[in-house]
Amino acid sequence: MPPPAEKSRSWSSLPAPHRRQAITPPTLVPAANPIAVRLGCRRCSHDAPSQTQRVSMATTSAYVAAAGGEAAVWPCRGTLLRPRPPPPRLAFLSRTPARGASISLPTGLHRAAAAAEGRTGMGVGSEEKEEGLTWLELEPIDSDDQLDWALAAGQQRGAPIVLLCSPLEVIKGVFGNSPASIFSKILDASGRGAESTDLGKPGVLMEDTKPRNLGGSLPVPNVQDLAARPEDLPPTLLDRYLRPQPRTVDLLPDAPADEQEHVPVVDLGRLLGQEHGAEEAARLRFACENWGFFQVVNHGIPEETMEEMKRNVMGFFALPLAEKASLAQKPGGIEGYGQAFVVSEEQKLDWADMFYLLTQPPTYRDLHLWPSHPSTFKNCLESYSAEVQRVAGELLRVMAENLGVRDHSDMTRLAATQSTRMNYYPPCPEAHVDRVLGLSPHSDATGLTLLLQVSSVPGLQIRRNGGWLPVMPLPGALLANVGDVIEVFTNGKYKSVEHRAVVNAREERMSIAAFHSSENGTTYGPLEDIVGDQEARYRSISDEEFYKLVVSSELDGKKIMDAMKIS
Ligand SMILES: O=C(O)CCC(=O)C(=O)O
Ligand SMILES: [Fe+2]
């Protein structure tokens, strides 16, 4: 669904109370307090009742990330922030388009101003009732002077400022100035200078969009529900799950039982350390070149975080169907509870349900779809997803080194976004188990996947030497695999590997796959440093075009890569 159209607003068109602030404009001095700057959006993906609330939702994650704080967010109902001490550095966060630049300040001051005018709340609605800091839009900025004014206002109030920006061309049009000079002004005003951050490059406007809707899947029955009453499964429906060929026939003929030990293991602690770094990097290179899959151990994610994530996912899938269904995918969208990649009534269906969420960066999240039960789910997913994203970034950096990519960010940008797919494979009636698959053969259409298996029930199989090799993750390990985007970036040097999930007659199985990719609005194509003087073997296309192709296709081996190859 397109975002709600924003009312066009300008400084002078604002109602008077917005402008009546007792601030002496502008004498910019280096700030004692850091100013949090967010290049972001003034819209939310949902219909908030007021502009103000949209802004407050959009700024939440910026503030939280900048302040290193915690937040509990209720879509359209306001935001409760529990700030922690300010961050050591200025943070540039992710970006989405909006019509104009604006600056936001904490609401307390607005409340004071509103109260002085005998008004209550300036349209903040339920936000007023929450304790703690909330955010309000202060003013749109549409000139250099106004920017100075707002920065000075922020300084005077010692308040964190959230700057919400438009796409690059709008900024250029409005300010007639280069974005870099605007941002260096902000950096100077913050007293932080041009420090770099983990989240972006200061002085560089990173133009971006919230993910566009790239399409969805045809609706399918809920498999957990079908599995709960197999006797009611009509033969015509069952037929949609039964594949022509028993799954056992294509198992690797001679796969020794212990073959899975050969899926390479990479020790992240060693990889990042001085002493064994080179040795471990060679292991990573070998895994990427020869397997496309490896297990990551010693990754630094606290065991408790992993275990809690598993408990929450189990708890979520154990909820009554009606409660899960309240988080169902919307028609034409992929995020939420349901299934993906079903594009025709004829195709064979997977014996599984999935719950899919955009998890990083925080501004990409649709918090409507984050479950309230189990009550720990949201916080847990928040911590888990950040940890996993860190691991992805670290692995990608060493991959860049291994590949001789000079600017590591060419690879590490593939950890900029993350989506999390929680898979639930119910037990399948014994009589059919051999002809039913939990997840059709596919390669992952993103950059790097990190998979956490929830229990010890086996199910994952990878394509190897012409057959299917069962893989059982080591306890506490994450299973990593190279996705299609890395295959394209590396011009085929690292290949994504087909895999599938089989089902079990008696036991349910769950897995949590975190897919990492670049921000929206980029191009996918072979990296120059890798192609060198050779031929590019894959086409370069926009990520949007790429993902539209992915979402509108049935999961079918490496079909997407075939479409990307230059023949
Ligand atoms: O459940 C599994 O082990 C595999 C999941 C997977 O491949 C996916 O979600 O893409
Ligand atoms: Fe996968």
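Asn-491 counts as buried because its relative accessibility is 7%, where buried means under 20% relative accessible area, exposed over 50% and partly exposed in between, with a 1.4 Å probe and protein chains only. The model is predicted, so local features need pLDDT of at least 70 and side-chain atom pairs count only at pLDDT 80 or more, while totals for chains, interfaces and linings use all residues. Residues are numbered from 1 along each chain as its sequence is written, chains are lettered from A and ligands numbered from 1 in the order in which they are written, and side-chain values use heavy atoms, with hydrogens and water left out.

**Chain overview**

- The protein chain has 18 helices and 19 strands; helices (H or I, at least four residues) and strands (E, at least two) are DSSP runs, numbered from the N terminus.
- Of its 567 residues, 56% count as buried.
- Among contacts (heavy atoms within 4.5 Å) between residues at least 6 apart in sequence, 78% join residues at least 24 apart.
- The accessible surface of the protein chain comes to about 23400 Å², and 53% of this belongs to carbon and sulfur atoms; areas come from the Shrake-Rupley method with a 1.4 Å probe, and for residues only the protein chains shown count as cover.

**Iron site (ligand 2)**

- His-442 (NE2), Asp-444 (OD) and His-499 (NE2) are the protein donors of the iron ion, at 2.1 to 2.2 Å from it.
- Donors are N, O and S atoms within 2.8 Å of the metal (3.2 Å for Na, K and Ca); water is not among the atoms, so sites may look incomplete.
- Along the chain, the donors of the iron ion follow the spacing H-x1-D-x54-H.
- His-442 in strand S11 (residues 437-442) and His-499 in strand S16 (residues 499-502) are 57 residues apart, and the pair links distant parts of the chain.
- Both His-442 and His-499 are buried.

**Ligand 1 shell**

- Ligand 1 is surrounded by 13 residues, the closest being Asn-423, Tyr-425, His-499, Arg-509 and Ser-511; a residue is near a molecule if one of its heavy atoms lies within 4 Å of it.
- Oxygen atoms of ligand 1 lie 2.6 Å from a polar side-chain atom of Tyr-425, 2.7 Å from one of Arg-509 and 2.6 Å from a side-chain N or O atom of Ser-511.
- On its own, ligand 1 has 300 Å² of accessible area, and the protein covers 97% of that.
- Strand S10 (417-425), S11 and strand S17 (509-517) are the elements giving two or more residues to this shell; S17 gives the most, with four residues.

**Backbone features**

- The peptide bond from Gln-360 to Pro-361 is cis, with omega near -5°, and the bond from His-373 to Pro-374 is cis, with omega near -10°.
- Pro-361 is in the loop between strand S9 (353-360) and helix H13 (377-403), and Pro-374 lies in the loop between S9 and H13.
- Phe-341, not a glycine, has a positive phi of about 65°; its place is in the loop between strand S8 (336-338) and S9.
- Because its relative accessibility is 17%, Phe-341 counts as buried.
- Asn-491, not a glycine, has a positive phi of about 55° and lies in the loop between helix H15 (484-489) and S16.

**Leu-527**

- Leu-527 is in the loop between strand S18 (523-524) and helix H16 (528-531), and its 9% relative accessibility is why it counts as buried.
- Leaving out residues up to four places away in sequence, Leu-527 touches Val-405, Asp-410, Met-411 and Phe-489.
- The C-alpha atoms of Leu-527 and Asp-410 are separated by 7.8 Å, with the residues 117 apart along the chain.

Methods: Polar contact = N/O pair within 3.5 Å; in protein donor to acceptor, adjacent residues only side chain to side chain.
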